[in-house]
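Walk through this model with the structure open beside the text.

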Amino acid sequence: MAKLSQEDVAGKRFLIPRAEKARQILPEGIVRLGGEVEVVSVYRTGLPDDSDVKKVRDLLEAKSIDAITFTSSSTVSHFVKILGESDLQTLLEGVVVASIGPITSRTIAKNGLTAHVEAFEYTVEGLLHALSQHFVGSA
């Protein structure tokens, strides 16, 4: 928002296509700065009907996974929901948990887990860079 507040947005109109469930910080910030905002839901996150929970659990139990990436809070919530909270910490022992940014990291923490890697740039590319630095050093 700091960057946006440096721009003259008063009287300008903005379209924000986004997920059905999303934070209001951007639209509210634009309105505070005098802009007009139209928010349109263009997709919905949800649990897939065909997720192979057994395969995921088997891979984690066999310690065949080195890292898990979370690109949003909803991916964390869905992951916890499908695997169950009871033995999640045990399943993730030795697994690097990577987060796309601080909001996702907070959701990880709220679910009793630790984000070992957090992207500085909140994009998939930023997450990949952070993972690369974690595993092989400066990239």
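**From the salt bridges to the sheet**

Aspartate 87 has a relative accessibility of 28%, so it counts as partly exposed. The model is a predicted one. What does aspartate 87 form with arginine 57? The two form a salt bridge, and their closest N and O atoms are 3.1 Å apart. Aspartate 87 sits in the loop between α4 (73-83) and α5 (88-91), while arginine 57 belongs to helix α3, so the pair ties together parts that are 30 residues apart in sequence.

The count of salt bridges comes to two. The other partners to look at are aspartate 58 and lysine 54, whose closest N and O atoms are 2.7 Å apart. Here both residues lie in helix α3, which covers residues 53-61. They are four residues apart, about one turn of the helix. Aspartate 58 is partly exposed, because its relative accessible area is 34%. Lysine 54 reaches 57%, and therefore counts as exposed; the cut-off for exposed is over 50%.

Now turn to the sheet. Three strands make it up, in the order β3-β4-β5. The sheet is open, and the pairing is parallel. Which strands stand at the edges? They are β3 (67-70) and β5 (117-118). Each has a single partner strand, so one side of each is left without a neighbour in the sheet.

Take the pairings in turn. β3 and β4 are joined in the parallel sense over four bridges. In one of the pairs, alanine 67 has valine 96 in β4 as its bridge partner. β4, residues 96-99, also pairs with β5, again in the parallel sense, over two bridges. There, serine 99 has glutamate 118 in β5 as its bridge partner.

Look at the two faces of β3. Ile68 and Phe70 are on the covered face. Ala67 and Thr69 are on the uncovered face.

Next comes helix α7, residues 124-136. This helix lies across β3, β4 and β5. Its direction is at about 150 degrees to β4. Leucine 131 is a residue of helix α7. Is leucine 131 buried or exposed? Its relative accessibility is 11%, so it counts as buried; the limit for buried is under 20%. Beyond its neighbours within four places in sequence, leucine 131 is in contact with Ala67, Thr69, Val96, Ala98 and Val117. Pick out alanine 98.

Helix α6 is the next stop. It spans residues 102-110 and holds threonine 104. Proline 102 and serine 105 are also in this helix. Proline 102 is partly exposed, because its relative accessible area is 26%.

Their contacts can be followed residue by residue. Threonine 104 touches Phe70, Thr71, Ser72, Ser73, Val76 and Ser99. Serine 105 is in contact with Ser99, Ala115 and Glu118. Proline 102 touches Glu118 and Tyr122. What separates the C-alpha atoms of proline 102 and glutamate 118? The distance is 7.2 Å, for residues that are 16 apart along the chain.

Finish on the surface. Which residues form a nonpolar patch there? They are Leu15, Val40, Val42 and Tyr43. Together they have about 390 Å² of accessible area. Strand β2, residues 36-43, gives the largest share of the patch, three residues. Valine 42 has its place in that strand.

Notes. Residues numbered from 1 in each chain as written. Predicted model: local features only at pLDDT ≥ 70, side-chain atom pairs only at ≥ 80, totals over all residues. Heavy atoms only, no water. Contact = heavy atoms within 4.5 Å. Patch = residues over 30% accessible without salt bridge, like charges linked within 9 Å, V, L, I, M, F, W, Y side chains within 5 Å. Areas by Shrake-Rupley, 256 points an atom, 1.4 Å probe, with all protein chains shown as cover. Salt bridge = Lys/Arg side-chain N within 4 Å of Asp/Glu carboxyl O. Pairing = 2+ DSSP bridges. Axes fitted to C-alpha atoms, helices over the stretch in contact; angles between N-to-C directions. Buried < 20%, exposed > 50% of the residue type's maximum accessible area, 1.4 Å probe, protein only.
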